[in-house]
Structures are given as C-alpha cells and as structure tokens.
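Dear colleague,

Please find the structure below, for your records and review.

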Amino acid sequence: MQVGDLVFMHNLETVGMIVNEKSVDKETEYQVKWFYTMAPDFAGYRGPGNWYPPRFISSLNTHLRVR
C-alpha cells in the first residue's frame with residue numbers, strides 16, 4: 001500500500017484514503033482519512049486521520065482486482 005491508495009476496514013463499509021505513511025519499529029503504519037469524516041454534513045471530529053498497521057486495513061484496489 002502507498003499514499004493515495006483507497007482502503008477499507010474489514011466490514012467494507014468504511015472506505016478511506018491513505019494520506020501519509022511512517023515506519024514504526026520496522027513496521028509501516030498508514031494514516032487514513034475516512035470518507036465519512038470528509039462529508040459536508042459530518043458533525044464529528046474532522047482530524048487529520050488515524051494511523052493503522054496494515055493488518056487493520058485492506059487495499060480496495062486489490063480487493064476489486066481479485067473479484
């Protein structure tokens with residue numbers, strides 16, 4: 001995965017985009033901005049995105065290629 005990739009959580013309902021990446025203890029973590037937080041009517045916290053190791057997110061591009 002890399003910056004700009006579309007990703008999803010395990011339920012496939014939460015889709016977002018990788019906006020940054022960093023290496024932590026030899027493991028890459030990705031900063032993901034979820035689309036629901038970008039919606040104009042979203043009333044919650046619109047922060048910069050949360051950090052996830054690859055085991056918590058999956059690439060939407062890879063998922064669609066396999067299907």
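Tyr30 stands opposite Tyr52 in β4; strands here are DSSP E runs of at least two residues, helices are H or I runs of at least four, and both are numbered from the N terminus. The model is predicted, so local features need pLDDT of at least 70 and side-chain atom pairs count only at pLDDT 80 or more, while totals for chains, interfaces and linings use all residues. Residues are numbered from 1 along each chain as its sequence is written, and side-chain values use heavy atoms, leaving out hydrogens and water.

Strand β4 (residues 50–52) pairs with β3 in the antiparallel sense over three bridges, where pairing requires that DSSP find at least two bridges between two strands. β3 is also joined to β2, by eight antiparallel bridges, and Glu21 stands opposite Tyr30 of β3. Two residues lie between the strands in the β2 and β3 hairpin, in which Asp25 takes a positive phi near 50°.

Strand β3 (residues 27–34) is largely enclosed by the rest of the structure, because six of its eight residues are buried (under 20% relative accessible area; exposed is over 50%, partly exposed in between; 1.4 Å probe, protein chains only). Thr14, in the loop between β1 (6–8) and β2, counts as buried at 18% relative accessibility. Not counting residues up to four places away in sequence, Thr14 touches Val7, Phe8, Met9, Trp34 and Tyr36, contact being heavy atoms within 4.5 Å. By contrast, Val19 lies in strand β2 and is partly exposed, with a relative accessible area of 37%.

Yours sincerely
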